[in-house]
Amino acid sequence: MAINAAILEMITKLIERTGRPCRIASLGYPDMLVTEAQIASLCGPGALPKIQFRDDSDGIARWHRIDGQVTRIAESLSLFQALGAELHCFDISASRGFEIVADLNYPLPSGTTGQYDVVYDGGTMEHCFNVPQVIANILTLCRIDGYIVHVNPLNYFNHGFYSFHPTFYYDFYTQSGNELVAPIYALHGPVLDTKAVELPATQGFRALHERSAVLVAARKRRDYGGEWPMQSKYRANAALRA
């Protein structure tokens, strides 16, 4: 679970669209893998004095292999608070003491329905076996007209149970009466200098950098009715459907 500059830029734009105050649900606590210069650029210079930095910055930087490249890791709750947003983290255990404990393989409690303006899946869905329930939970957490951001693996072999293709998101969101609000991107390269390449939503493609992740932004227009999507290439071709 992490947020780099490319992802933070996407989330800050969506926060701006929601207005303030804003409530964000994150699947797991996201490590903030951005430099102070990137924070100032994306969040404004006035944000930095309001942000706390983690006492375990050195260990987090080593874990993400950016030691020597950053001196301090921003504490995620305080960074979002500086942006006028309140961050809640859902996880399988309360490892930091403030997470909302939930197993995303199963339906979430009804009290969480429609409570969040932005829902962030920064690399959790691939670690849960029951993907249809997970993405239904994500949509359930989000309020009508709120936003969802996914960052999941495209070709991280054995990183999780699954990798995800653009058509997965396009078909699920559009066929459930919701929508994508940005192009689908592949993220690749160093953590602090990640590159984004636009991907086709449903057409096949070959060229892909190693260890690429998919970045998707969606908007919830209606509650999920339990529909099972059909892949676009079959919907568009009657002979294939047969």
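This is a predicted model: local features need pLDDT of at least 70, side-chain atom pairs count only at pLDDT 80 or more; totals for chains, interfaces and linings use all residues.
Residues are numbered from 1 along each chain as its sequence is written, and side-chain values use heavy atoms, with hydrogens and water left out.

Q: What is the volume of the largest pocket?
A: A pocket is an open set of points on a 1 Å grid over the protein atoms alone, where a 1.4 Å probe fits, with protein on both sides within 12 Å along at least five of seven lines. Grid points are joined across faces, edges and corners, and the volume is the space filled by probe spheres set on the points. For the largest pocket, that space is about 1200 Å³.

Q: Which strand gives the most to the lining of the largest pocket?
A: Lining residues have an atom within 4 Å of a point. Strands (E, at least two residues) and helices (H or I, at least four) are DSSP runs, numbered from the N terminus. β1 (2–3), β4 (85–91), β7 (142–153) and β9 (184–188) each supply at least two lining residues. The top contributor, with 3 residues, is β7.

Q: Which element gives the most to the lining of the second largest pocket?
A: This pocket has a volume of about 310 Å³. Its lining has 21 residues, with A6, E9, M10, K13 and L215 nearest the centre. At least two residues each come from α1 (5–18), α2 (36–43) and β9. The element that gives the most, with 7 residues, is α1.

Q: What is the geometry of the F90 and Y116 pair?
A: Rings of Phe, Tyr and Trp (its six-membered ring) pair if their centres lie within 6.5 Å; planes under 30 degrees apart count as stacked, over 60 as edge-to-face and the rest as tilted. The count by this rule is 11 aromatic pairs. The centres of F90 and Y116 are 5.9 Å apart and the planes stand at 85°, so the pair is edge-to-face.

Q: How many residues apart in sequence are the parts that F90 and Y116 tie together?
A: Both F90 and Y116 are buried, that is, under 20% relative accessible area (1.4 Å probe, protein chains only; exposed is over 50%, partly exposed in between). F90 lies in strand β4 and Y116 in strand β6 (residues 116–121), so the pair ties together parts whose separation is 26 residues.

Q: Which arginine lies over the face of Y116?
A: A charge sits over a ring if NZ of Lys or CZ of Arg is within 6 Å of the ring centre and within 35 degrees of the ring normal. R72 meets this over F53, 3.8 Å from the ring centre. Over Y116, at 4.9 Å from the ring centre, the residue is R23.

Q: Why is helix α5 largely enclosed, and which elements cover its buried residues?
A: Of the 11 residues of α5 (residues 131–141), 9 are buried, so the helix is largely enclosed by the rest of the structure. Among the buried residues are V131, I135 and L139. Contact means heavy atoms within 4.5 Å. The cover includes β2 (22–27), β4, β6, β7 and α6 (166–175).

Q: Is R65 buried or exposed?
A: R65 sits in the loop between α3 (57–63) and α4 (76–82). R65 has a positive phi of about 60° although it is not a glycine. With a relative accessible area of 74%, R65 is exposed.

Q: Which residues is H64 in contact with, leaving aside neighbours within four places in sequence?
A: H64 is in the loop between α3 and α4. H64 is buried, with a relative accessible area of 18%. The contacts are M1, A2, D31, L33 and V191.
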